[in-house]
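Here are a few exercises to work through with the model open beside you. Try each one before reading its solution.

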2 protein chains.
Amino acid sequence: MRAAVIADGKLVVEEREDPVPGSHELLVRVRAAGINGADIHQLGGGYPAPPGWPQDIPGMELAGEVAALGPKAERFAEGDRVMAVVGGGAQAELAVLHEREAMPVPEGLDWPQAGGLPEVFFTAHDALFSQAQLRPGERLLVHGGAGGVGTAAIQLGRATGARVTATVRNEDLRPQVAKLGAEAIDPDGFEEHGPFDVVLEVVGAPNMPGNLTALATRGRIAVIGVGAGFKGELNLLALMGKRARIHGSTMRARPLEEKAIASRLVEKEVLPLFEDGTLQVPVAETYPLEQVAAAYERFTAGGKLGKIVLLTS
Amino acid sequence: MRAAVIADGKLVVEEREDPVPGSHELLVRVRAAGINGADIHQLGGGYPAPPGWPQDIPGMELAGEVAALGPKAERFAEGDRVMAVVGGGAQAELAVLHEREAMPVPEGLDWPQAGGLPEVFFTAHDALFSQAQLRPGERLLVHGGAGGVGTAAIQLGRATGARVTATVRNEDLRPQVAKLGAEAIDPDGFEEHGPFDVVLEVVGAPNMPGNLTALATRGRIAVIGVGAGFKGELNLLALMGKRARIHGSTMRARPLEEKAIASRLVEKEVLPLFEDGTLQVPVAETYPLEQVAAAYERFTAGGKLGKIVLLTS
């Protein structure tokens, strides 16, 4: 198979041996695989794939057809359209994953959307509901509203009856973010728009004092990204006074059982909303696998709304 | 009635008008009222009573007999032994509270124990179970293990099947803390004793980096006191990597409905363990109301295990 490979901090496309599915595993012919911030970190050497996953083939999400079943695999049949969050190796023509990590692709969802769905919707759903326990009618602040996780979180918040505000640095993108259902605001001075019951933090430490200021009593901050810095001051007295909590999480390091639970939750609580058109995966651009380096450059350049997705086969 | 009163930052005992119970309220002849760290803060001017409570009569917990019922009060009868966390005003001969904030005093519990029970057991139970969701078999670290909340938390942790470690600065008190069911350790270098699933933090910001180091994957830190400082650095990347969370809380500011819910939980989950002897309230010393100033001094001096309790009538 052809695969994107990280070699000396650069991306190339190489021929690799086809992977073989083991017990309860699926071999998937990958049709589409989204690019995520974590891929950029991995390319920079800072975010290795967990053990048991391809170490030099990047890619944490994929969509494709089941090409072969490993022994005892029974959840899907050959030819079924599946998608998943994986620990690595998605940006290749073929990938292997456990059947309990896979989800069916909702009817009507095309390959680019399906390949760009898992990571951001898993992450947003987990942060908002499994961690922060967002409830109908609550006020949600989504930082980085034009980003992948941001657009997913805005839509999930709206679909649940929350009132959503999103920070968007690029003024030109604010109207598109507003169309997703959020009040789109300038990140500067965001703390004056509170109080918020839940804050989804992707920017990092510089936002934390403002988040705490803008938090409602019994509010929750879910930290899932720290692009702008990870060390900051925490005022414990303010945290106590608001009876608030701060969650930190990542998806990648989770063991099979936790990823499988997250998959079942997304299947049940999120995928039906794609079938009825409530949710969508904004896709900014697609690139063929052979242009993976250009695709990463486009991702890093920013200024887009929606996912950059590799069409891998 | 006689009441402890804060006047110009000092404690005196004065004659005050008897309070009158309103709808669904109880007039309680206070027999015992524990002293807590928050009282010291209030004496220093920093922690006012919430609206609707006596502003200058301190005391956040009490035990006594129902002396009179307000209109529509029906949960208790005159003469019943009750105890409660209140917003203020406990350190007096009489106090008024809503009947849904009151709990029956367990059979066999004497007045000093009953008067020193509510605040620390409410706080510890809320932090460990309602917030940090401590589970059987988990490892719990209790900071300030010789303090009021510490001794309550150690016992609750043990009674739930958790394995408990407690930091105790005063070496002489460690054997007594060990008897409560904890491994009692020196606070210096506590982070080498992890990983802990739950950390109960009463010391404050200086402990937070060590808490995060000593935390297990998916661990929880419950911050309920910041005596040694409230501003500290938080490493968000470490928080994310451990998929951990930090809770902050206080009991005093909570509205009636939240205090009532906490009372029902303690009634159901904690009080039966006093009746069967699993739990106890260590009482270090008692003072008559007239010696309230000396009692506060004793509390502040430290070096004790267990509560300082005023015997108010």
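**Exercise 1.** At what angle do helix H3 (residues 118–131) of chain A and helix H8 (residues 256–269) of chain A pack, and how far apart are their axes?

*Solution.* A bit of bookkeeping comes before the answer. This is a predicted model, where local features need pLDDT of at least 70, side-chain atom pairs count only at pLDDT 80 or more, and totals for chains, interfaces and linings use all residues. Residues are numbered from 1 along each chain as its sequence is written, chains are lettered from A and ligands numbered from 1 in the order in which they are written, and side-chain values use heavy atoms, leaving out hydrogens and water.

Step 1: the axes are lines fitted to C-alpha atoms, for helices over the stretch in contact, and angles run from 0 to 180 degrees between N-to-C directions.
Step 2: the two helices pack at about 90°, with axes 10 Å apart.
Step 3: that makes H3(A) roughly perpendicular to H8(A) (65 to 115 degrees).

**Exercise 2.** Which residues of H3(A) and H8(A) meet?

*Solution.* Step 1: contact means heavy atoms within 4.5 Å.
Step 2: from H3(A) come Phe122(A), His125(A) and Ser130(A).
Step 3: facing them in H8(A) are Lys259(A), Ala262(A), Ser263(A), Leu265(A), Val266(A) and Glu269(A).

**Exercise 3.** What percentage of chain A is buried, and what box do its C-alpha atoms fill?

*Solution.* Step 1: buried residues (under 20% relative accessible area, 1.4 Å probe, protein chains only) make up 58% of the 313 in chain A.
Step 2: along the principal axes, the box is roughly 55 × 40 × 35 Å.
Step 3: residues 24 or more positions apart supply 69% of chain A's contacts with a separation of 6 or more.

Technical notes
Helices (H or I, at least four residues) and strands (E, at least two) are DSSP runs, numbered from the N terminus. Angles under 35 degrees count as roughly parallel, over 145 as roughly antiparallel, 65 to 115 as roughly perpendicular and the rest as oblique. Buried means under 20% relative accessible area, exposed over 50%, partly exposed in between (1.4 Å probe, protein chains only).
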